Amino acid sequence: MTRFMDVHHGMQGITADQLLEAHQADLAVEGEEGVHFDRAWADPESGTVYCLSEAPSAEAVLRVHERTGHRADEIHPVPLTV
């Protein structure tokens, strides 16, 4: 499994409740794609949301987000951590 950081743009004004709702929607279907979403962060002012996951592929991450109605604009592998 590879770690991925995905980025969503255009979510200006997102609230903590909305971020939690979106994250929970991902968690509800993630297993069907072999993905595990670890956590999400948001900057309501810029409208940027970040999600960290482990998945077999970037395509699997994208499929989960598409199914839950918030398509990722970018998906980046994160092969190194410290």
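**Salt bridges in a predicted model**

Reader: Why is Glu54 called partly exposed?

Author: In this predicted model, Glu54 has a relative accessibility of 29%. Partly exposed covers the range between the buried limit of 20% and the exposed limit of 50%, so Glu54 counts as partly exposed.

Reader: What makes the contact of Glu54 and Arg3 a salt bridge?

Author: Their side chains meet at 3.6 Å, N to O. The cut-off is within 4 Å for a side-chain nitrogen of Arg and a carboxyl oxygen of Glu, so the pair qualifies. Glu54 in strand β3 and Arg3 in strand β1 are 51 residues apart, and the pair links distant parts of the chain. Arg3 is also partly exposed, at 29%.

Reader: Why is Glu33 called buried?

Author: Its relative accessibility is 18%. Buried means under 20%, so Glu33 counts as buried.

Reader: How do you know that Glu33 forms a salt bridge with Arg67?

Author: The closest N and O atoms of Glu33 and Arg67 are 3.7 Å apart, which meets the limit of within 4 Å. Glu33 lies in the loop between α1 and β2 and Arg67 in helix α2, so the pair ties together parts that are 34 residues apart in sequence. Arg67 has a relative accessible area of 45% and is therefore partly exposed.

Reader: Which residues are linked with Glu33 in a network of salt bridges?

Author: The network links Glu32, Glu33, Arg63 and Arg67. Within it, the side chains of Glu33 and Arg63 meet at 2.7 Å, N to O. By this rule the count comes to six salt bridges.

Key:
Residues are numbered from 1 along each chain as its sequence is written. This is a predicted model: local features need pLDDT of at least 70, side-chain atom pairs count only at pLDDT 80 or more; totals for chains, interfaces and linings use all residues. Side-chain values use heavy atoms; hydrogens and water are left out. Helices (H or I, at least four residues) and strands (E, at least two) are DSSP runs, numbered from the N terminus. Buried means under 20% relative accessible area, exposed over 50%, partly exposed in between (1.4 Å probe, protein chains only).
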